[in-house]
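Hi everyone, thanks for making time for this one. Let's have a look at it together on the screen.

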Amino acid sequence: MLVAVLLCLLPFQLLAQQHTTIAFGSCNSQDEPQPLWPAVVAASPDLWVWLGDNIYGDTHNMDTLASKYNRQLQHPGYQALIKTTPITGTWDDHDFGHNDATASYSQKAQSQQLFLDFMGAPADAPVRKQQGIYRTYTLGEGNQKVKIFLLDTRYHLDPFRRLFGLYLPNYGGDVLGEDQWKWLEEELSDSDAQINIIASSMQILPTGYSYTSWTAFPNARKRLLRLLETTRPANPILLSGDRHVGELAKIELQGYEQPVYEITSSGMTHHRKPSKGGNRYRVGEQIGALNFGVMQIAWGDTETEVSLQIRDVKNLPLLEQTLVFKQAPVAVLSEEQ
């Protein structure tokens, strides 16, 4: 009888092991209503990834910043998530320092420690001793491994060039800083993950100049895309926030049989009207509603299916794209080995 029960349970155990769900979002004001958390919890993510503007600090006073982080930590909806789900992420300007804050922000070292406190990083975590919050996070193992590259697009960011509300190209400007570029190249080159997620607070693919994004630093953007082409991590997917809309985009890169997609999820407490232009790489339409993102990975022996979704307050998809990646077969060792 016991054997029969175990045999009945086995398919369900295997099914559970073959799915990974990652949820993510950005632009979340601690002072505004936060209606998305029940939907996020209902999505049952294996990981939550913050993509920046996780709170709106906008201050040089670290006591004020700490107080705002604490307010977010005490939010009942967020409490329900952190009790069941691991948390990681990166920051953007409003939680780093203030609107459009760059490397010149005077409190960035202190702000880094408060951000890492918010993320629950141990006191002795190596990231606390470096300049910037860039690091990786790994889920799963073997042929079901996901590696997330959490970029820091603020700590070393050069100044924006602005004119009449436009962000003009700063061709000599950088986003990551040389130490972070070296780290990223090494991590991408060494990755044995089946899916590699590059998380950036600023959008990477769009090329409009009316807002903050990697396109404001054209040579840095080109360097990032070329780095993917030269290191060729398996099945890269780009995540971003910041824009107060949800969006999908794609680009063709050398060395990849299918386009590389970027999914942008923003914002969680406020949003703007969607735009028809501004992104020649866009797939479908922008989503002008409160939203969060979900990546559902269905692992297979020969193919892996990835669903990229923008979801609403009812946990329903507003935008969706399905990707299919070839999956290397799992190596099986013989008894002699």
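I'll talk about confidence, then a sheet, then a pair of helices.

First off, this is a predicted model. The protein chain has an average pLDDT of 92, and 92% of the residues score at least 70. Residues 1-17 are another story: pLDDT there is below 50, and the stretch has 2 contacts in the model beyond near neighbours in sequence. Residues 328-337 also stay under 50, with 7 contacts beyond four places in sequence.

Let's zoom in on one pair. S5, residues 146-150, runs parallel to S8, residues 195-199, and they share 5 bridges. One of the residues to look for is Phe149, whose bridge partner in S8 is Ile198.

Now the helices. H7 covers residues 178-190 and H8 covers 218-231; their axes come within 9 Å and cross at roughly 25°. With angles under 35 degrees counting as roughly parallel, that makes H7 roughly parallel to H8. The crossing is right-handed. Who's touching whom? On the H7 side you'll find, among others, Trp181, Leu184 and Leu188, and on the H8 side, residues including Leu224, Leu227 and Arg223. Sort the contact residues by type and you get 7 nonpolar, 2 polar and 3 charged.

That's my tour, thanks!

Methods. Residues numbered from 1 in each chain as written. Predicted model: local features only at pLDDT ≥ 70, side-chain atom pairs only at ≥ 80, totals over all residues. Heavy atoms only, no water. pLDDT = per-residue confidence, 0-100. Contact = heavy atoms within 4.5 Å. Pairing = 2+ DSSP bridges. Helix = DSSP H or I, 4+ residues; strand = E, 2+ residues; numbered from the N terminus. Axes fitted to C-alpha atoms, helices over the stretch in contact; angles between N-to-C directions. Parallel < 35°, antiparallel > 145°, perpendicular 65-115°, else oblique. Left-handed = near helix turned anticlockwise from the far one by under 90°. Nonpolar A, V, L, I, M, F, W, Y, C, P; charged D, E, K, R; others polar.
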